[in-house]
Amino acid sequence: MADTSYKDLSLNGLWKNNPAIVQLLGLCPLLAVTGTVVNALGLAAATTMVLICSNTAVSLIRNIVSDAVRLPAFVMIIAAAVTCIELLMQAYTYELYQILGIFLPLITTNCVILGRADAFASKNSLAPALYDGFIMGVGFGVVLVLLGALRELVGTGALFANMDLLFGPSAANWRIVLVDDYQAFLLAVLPPGAFIFTGLIIAAKNLIDMQIKKREDARKAKPVKGAKRVRVTGTIS
Amino acid sequence: MPLLRITSPHAHGPMSTSRVMQHVLLATVPGIIVLTHFFGFGTLVNILWGGIVALACEALALALRGRPLAFYLKDYSALVTSTLLCIALPPYAPWWLIAIGVASSVLLAKHLYGGLGYNPFNPAMVGYVVLLISFPVQMTAWAPPRGLGEVPGLFEALLACFSPASFDAVTMATPLDVLKQNNSLLLEDLWQENPQFGRWGGIGWEWASLAFLAGGLWLLYQRIFTWHAPVAMLVAITAMAGMFYDNGSSASGGSPLFHLLSGATIFGAFFIVTDPVSSAVSTRGKLIYGAMIGALVYIIRVRGNYPDAVAFAVLIANFTAPFIDYYTQPRTYGHARKGDS
């Protein structure tokens with residue numbers, strides 16, 4: 001992860017090295033709380049905030065902390081950031097805080113955060129580290145919200161229910177009913193649905209990658225002019 | 001994980017996959033006739049519509065995976081899956097319920113795992129469980145058997161399937177349901193108050209079970225499967241029910257005969273437990289596998305949240321099948337027994 005150009009960082013965080021569907025990190029919250037868009041969005045925002053805070057702090061102290069104690073130091077920083085976010089959510093979005101429950105404090109153990117702190121922030125200066133934290137959080141969040149939307153849509157036939165938990169009372173009527181008289185499909189909202197839909201998202205990502213690769217290969221493979229026949233007899237010295 | 005390998009000498013099996021599947025389909029016919037007699041044409045409509053959906057899903061999956069269509073469509077495996085699932089569904093189920101169940105069976109449980117012969121879980125039971133946990137209301141709406149209610153005709157059955165809103169479904173709790181809800185009556189009184197209990201296991205169900213038993217015994221005679229797994233399952237469920245039967249107090253789980261002839265016990269024992277792909281394959285393994293399903297069926301029926309449990313028990317046992325096979329590997333011919341040297 002030596003290159004620190006912002007374009008590469010963005011591409012890595014959002015697609016090539018996406019924490020949720022390529023590195024498969026942080027699967028526990030990914031599977032557990034993505035039953036609806038609002039839950040997914042809440043957890044995505046919290047995780048992104050923690051990632052930004054921890055990456056910033058780790059980058060600032062990277063030259064002071066010795067290698068031997070770096071992991072405990074990082075975990076302390078992350079735990080402190082998580083506690084702050086948790087208190088903030090408790091203050092401003094109390095109902096969502098109750099719904100997310102144990103998965104908020106558990107952000108501390110989310111491997112994405114420690115992974116980015118150790119693999120990137122502890123080796124880079126402040127600006128790239130901050131940006132990396134932000135873009136990794138966004139990459140994680142996009143998958144979270146996509147999964148939440150898919151599960152909510154298939155499970156209940158509507159989208160954006162209870163958005164007032166996150167955006168205040170004015171968002172209470174954001175719920176869009178896409179299919180009237182929809183028979184609730186409980187499987188999608190229950191844990192097995194999370195596994196099935198995560199699998200489908202990963203499959204879709206791989207399919208797109210394969211298509212891109214195929215197109216690139218087709219463009220690269222030009223017939224070589226004046227190619228000679230391969231020598232098949234005798235010895236080659 | 002090293003899995004079971006059968007070593008030589010090998011015997012040639014004269015039955016092709018499609019022949020086996022045809023036999024299984026034929027063996028379900030007596031049971032289907034009895035179900036149709038007692039509950040009307042609902043089961044038949046289920047099976048026909050489910051079959052169409054199954055073939056469509058199979059063709060779609062094969063086309064997406066770039067496999068030869070005709071070769072796999074002709075092996076009847078999709079039809080067997082959908083038929084077994086549709087027999088288990090309540091008659092007069094709406095079309096979308098059947099379509100979702102069959103699609104989950106064929107696409108999710110079979111083709112996502114690699115197609116015929118690669119599925120670790122029984123596809124029909126995966127479809128059933130998907131439906132049961134997703135649509136509990138529709139999945140527990142069983143029609144009353146002949147003698148206790150009007151049995152709808154063919155036209156009404158089609159109406160119920162394809163235009164569910166315009167069909168007034170008459171439903172009745174199944175004997176297993178009633179037993180599950182009971183917490184105050186002695187079994188004898190329960191039997192008298194609820195006419196659907198019939199003689200042993202419920203009007204309709206007891207005869208359907210016997211018809212499936214006949215079909216299963218014919219399959220056994222045709223050597224489609226061996227006796228080990230079904231017998232182990234039936235013995236286990238009888239033993240469990242016998243052990244905990246207290247002559248019919250209100251807390252009783254029901255007599256062994258009731259558990260054998262009610263619900264999906266016989267159907268499961270001969271048509272689901274014997275699935276050659278997802279079950280254990282060694283001889284001792286089959287005994288353990290079947291006994292485990294029998295015990296689980298009783299435990300979930302009496303202690304769990306759902307009235308019947310064959311599907312859950314089979315799926316749980318499917319998990320353990322590779323493990324069972326690993327520890328019951330038969331002795332290779334010509335090699336020493338353990339301990340001999």
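Predicted model: local features only at pLDDT ≥ 70, side-chain atom pairs only at ≥ 80, totals over all residues.
1. Residues are numbered from 1 along each chain as its sequence is written, and chains are lettered from A, ligands numbered from 1, in the order in which they are written.

2. Look at chain B. Helix H1 (residues 17-39) and helix H2 (residues 42-65) of chain B pack at about 130°. Their axes are 7 Å apart. H1(B) and H2(B) are therefore oblique to each other. (Helices are DSSP runs of H or I, at least four residues, numbered from the N terminus. Axes are lines fitted to C-alpha atoms over the stretch in contact, and angles run from 0 to 180 degrees between N-to-C directions.)

3. Who touches whom? H1(B) brings B:Ile32, B:Leu35, B:Thr36 and B:Phe39. H2(B) brings B:Gly42, B:Thr43, B:Leu44 and B:Ile47. Contact needs C-beta atoms, placed from the backbone, within 7 Å. The contact residues are 5 nonpolar, 3 polar and no charged. (Nonpolar: Ala, Val, Leu, Ile, Met, Phe, Trp, Tyr, Cys and Pro; charged: Asp, Glu, Lys and Arg; polar: the others, Gly among them.)

4. Now chain A. The axes of H7 (residues 126-156) and H10 (residues 191-220) of chain A come within 10 Å and cross at roughly 125°. H7(A) and H10(A) are therefore oblique too.

5. Between the chains, 4 residues of chain B are in contact with 5 residues of chain A. The chain B side has 3 nonpolar, 1 polar and no charged residues.

Notes. Contact = placed C-beta atoms within 7 Å. Helix = DSSP H or I, 4+ residues; strand = E, 2+ residues; numbered from the N terminus. Parallel < 35°, antiparallel > 145°, perpendicular 65-115°, else oblique.
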